[in-house]
Amino acid sequence: RRIIVRGVGFESTLLDTARHVKSFVSKTANRLHTNTRESVIRNNLFIGEGKPLNPYRVADNERSLRNLDFVMDARIYVKPISKKTDSVDLLVVTRDVFSFGGSVSAKLPTRYTLGIKNVNPYGLGQRVEFKQVFDTDRTPRYGYEALYRMNNIKGSFMDATVAYTKLNNGISIGNENERSIYFKLSRELYQPFTRFAGAIELSDNLSRNVYAEPDSTF
């Protein structure tokens, strides 16, 4: 009959949504993080209102929600309405991954790397990444890359990624540092009823001898 979507905060678990564990960490995470919007969760459902209940599809949809980058856990509960009708409601409950992340590494005293990402900005289910490197052995010493990914375009279960990088490694021959800009569309086998899957990538790549290797090895 109806599909109801509800998101819980970091203080709750999906095994017992009535139980709340208040802590400084959970309170801080809830303030910094924006829960996934209801429209984004609905966009990732392949079960619909007004259709026969297929428990296998429900189980597959629950699994596919958990596989999203921005969802830590998901449950889909079947709620009978009354004994006089064969209709049911579905309650979709999700708990997010904390959207902010980062990494820092160093190879003292010559190389420093810093990366930041947000896997769910403003609860939109998208992904933004930025990475930068400062390396005294490089020419130029500074390099960076930026990536943006859109999840499930208009319910097609097709993801789109666009990125620009000066840190890419060549994937065809050798591991030369590359300047690359690329666009990729991909569709996974997100459920057993999927009829097609695949990916296409368009890119412009240019190898650069940033580490001043001899021509014979570059």
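Strands β6 (100-107) and β7 (residues 111-118) run antiparallel and are joined by 8 bridges. One of those links sets glycine 102 against isoleucine 116 of β7. Strands here are DSSP runs of E with at least two residues, helices are runs of H or I with at least four, and both are numbered from the N terminus. Two strands count as paired if DSSP finds at least two bridges between them.

A word on where this comes from: the model is predicted, with local features needing pLDDT of at least 70 and side-chain atom pairs counting only at pLDDT 80 or more, while totals for chains, interfaces and linings use all residues. Residues are numbered from 1 along each chain as its sequence is written, and side-chain values use heavy atoms, leaving out hydrogens and water.

Back to the sheet. It is open, with 7 strands in the order β6-β7-β8-β9-β10-β11-β12 and antiparallel pairing. At the edges sit β6 and β12 (198-207), each pairing on one side only. Neighbouring strands are turned by 10 degrees against each other on average, direction ignored; the axes behind that angle are lines fitted to C-alpha atoms, and angles run from 0 to 180 degrees between N-to-C directions.

Now the pockets. A pocket is an open set of points on a 1 Å grid over the protein atoms alone, where a 1.4 Å probe fits and protein lies on both sides within 12 Å along at least five of seven lines; lining residues have an atom within 4 Å of a point. Volume is the space filled by probe spheres set on the points.

| Largest | about 630 Å³ | 10 nonpolar, 9 polar, 9 charged |

The largest pocket has 28 lining residues, with Asn67, Leu68, Asn151, Asp159 and Glu188 closest to its centre. β11 gives the most to that lining, with 4 residues. For the second largest pocket, lined by 18 residues, Gly48, Lys51, Pro52, Leu53 and Leu90 lie nearest the centre. β1 (2-8), α3 and β5 (88-96) each supply at least two residues there.

Finally, the largest nonpolar core has 16 residues, and Ile3, Ile47, Leu65, Ile76 and Val92 have the most contacts inside it. Such a core is a set of buried (under 20% relative accessible area, 1.4 Å probe, protein chains only) Ala, Val, Leu, Ile, Met, Phe, Trp, Tyr and Cys residues joined through side-chain atoms within 4.5 Å. β4 gives the most to this core, with 3 residues.

Terms used: Nonpolar A, V, L, I, M, F, W, Y, C, P; charged D, E, K, R; others polar. Buried < 20%, exposed > 50% of the residue type's maximum accessible area, 1.4 Å probe, protein only.
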